[in-house]
Amino acid sequence: MRRELGMTIALVVMCLGLYISNPDFLGQSNSINTLRQISMLGIFAMGIGFVIIAGGIDLSIGSVIGLTGVLIAKLSSTQIGGLGYPLWIGIPVALGVALLIGLGQGLLITRLKLQPFIVTLGGMLFLRGVSQTIAQGGTLSLGGSPLLALANGGLLKSGSDALVPYPLLMFLAVSAVATYALHFTVFGRYVYAIGGNRDAAEYSGINVRRVETSTYVISAGLGGVAGVCYASYIGQMSQQVGIAYEMYAIAAAVLGGCSLRGGEGTVLGIIIGSAVMRVIDNGINMFQLPYQDADRIQRIWRLDPNWTFIIIGAVILVAVILDQIVHMVQTKRRIRHASAGAAEAAPSLQAAAAVGAAESPAARAPDRESV
């Protein structure tokens with residue numbers, strides 16, 4: 001909980017700093033758009049959180065998002081290249097494909113003992129190629145589709161903006177289900193146990209392969225849900241959609257307290273981590289600093305958008321380094337407490353051994369001889 005509190009404070013400080021720099025940061029349109037972006041990232045970051053807590057990794061989630069959107073556009077679009085099927089066919093088919101991808105990758109990892117990094121890296125490239133083939137290297141438009149109202153619509157409209165976008169409602173529903181599954185069910189305890197010590201979990205009778213496979217299915221399934229949101233938000237799908245999204249999701253989970261060693265992390269932390277990532281992303285565009293040049297002309301300095309990946313990469317590195325430092329400090333503390341406990345127990349054990357020796361028949365033998 002201390003990690004979540006620290007990240008919440010950092011998030012508030014960032015928001016205040018950006019607001020002071022540019023009051024438009026908390027303007028209605030930017031706030032709603034940021035909420036929408038946080039929600040769509042949070043949906044698939046939640047799935048990756050399950051995988052990371054169980055000690056795995058999923059690098060294919062960005063490609064799953066892109067493929068889901070491309071499939072929906074291909075099946076349901078009435079524009080050039082689309083097949084024109086109803087959305088109630090296109091969306092379930094795309095989500096079903098996403099779930100099958102997660103199941104396939106999970107089985108490869110758990111049944112064939114392949115490394116998750118290699119399997120999901122290969123999946124990332126393979127799925128990207130499938131998307132490119134379906135879209136024929138171009139773009140599939142969803143123009144005119146009622147699906148476009150999903151990401152851009154919402155409740156409590158104020159002007160042209162919906163104050164509560166639908167992706168936010170979906171994110172809240174996903175978070176509620178994830179909270180229950182991860183923190184209040186046997187399945188959630190198994191996920192933590194496998195991430196904490198896989199061998200111990202297996203020896204204790206947990207069906208490790210089934211639980212691990214389930215985490216990859218959850219990750220891909222939520223990637224599919226996010227793919228539906230992005231398809232409705234962007235409106236034009238190509239193989240480019242979803243590139244580097246896995247980095248955002250992993251960064252959000254790690255910033256929120258999910259350890260890449262497994263066994264640690266909370267739903268609340270993933271929510272906060274997603275918010276931090278999107279505020280950083282939005283802040284790169286919104287941050288500005290007024291100044292006067294040599295001719296005393298008022299100018300505004302802005303961050304170069306080309307720094308986006310530099311800043312996000314630096315944030316990931318800092319988060320991983322902090323996670324490692326915290327882990328090392330906790331390990332040293334546990335060793336120190338264990339040593340202190342052993343030292344306290346040693347005198348009492350020696351005293352018990354002395355009492356036992358005094359009450360033993362051998363110790364009483366001289367008395368019998370004297371009698």
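This is a predicted model: local features need pLDDT of at least 70, side-chain atom pairs count only at pLDDT 80 or more; totals for chains, interfaces and linings use all residues.
Two packed helices are described by the angle between their axes and the distance between the axes. Helix H2, residues 28–53, packs against helix H12, residues 267–286, at an angle of about 135°, and their axes lie 8 Å apart. H2 and H12 are therefore oblique to each other, and their crossing is right-handed. On the H2 side, the contact is formed by Asn30, Thr34, Gln37, Ile38, Leu41, Gly42, Ala45, Met46 and Gly49. The H12 side contributes Val267, Ile270, Ile271, Ser274, Ala275, Met277, Arg278, Asn282 and Met286. Sorted by class, the residues of this contact between H2 and H12 are 10 nonpolar, 7 polar and 1 charged.

The second pair consists of helix H3, residues 61–76, and helix H5, residues 116–134, which pack at an angle of about 20° with their axes 9 Å apart. Because angles under 35 degrees count as roughly parallel, H3 is roughly parallel to H5. The crossing of H3 and H5 is left-handed. From H3, Gly62, Ser63, Val64, Gly66, Leu67, Val70, Leu71 and Lys74 meet Met124, Leu127, Arg128, Val130, Ser131 and Ile134 of H5. The contact of H3 with H5 comprises 8 nonpolar, 4 polar and 2 charged residues.

Lys157 has Ala162 in S3 as its bridge partner. Between S2 and S3 there are 2 residues, and Gly159 in the turn has a positive phi of about 70°.

Terms used: Residues are numbered from 1 along each chain as its sequence is written. Side-chain values use heavy atoms; hydrogens and water are left out. Axes are lines fitted to C-alpha atoms, for helices over the stretch in contact, and angles run from 0 to 180 degrees between N-to-C directions. Helices (H or I, at least four residues) and strands (E, at least two) are DSSP runs, numbered from the N terminus. Angles under 35 degrees count as roughly parallel, over 145 as roughly antiparallel, 65 to 115 as roughly perpendicular and the rest as oblique. A crossing is left-handed if the near helix is turned anticlockwise from the far one by less than a right angle, and right-handed if clockwise. Contact means heavy atoms within 4.5 Å. Ala, Val, Leu, Ile, Met, Phe, Trp, Tyr, Cys and Pro count as nonpolar, Asp, Glu, Lys and Arg as charged, and the others, Gly among them, as polar. Two strands pair if DSSP finds at least two bridges between them.
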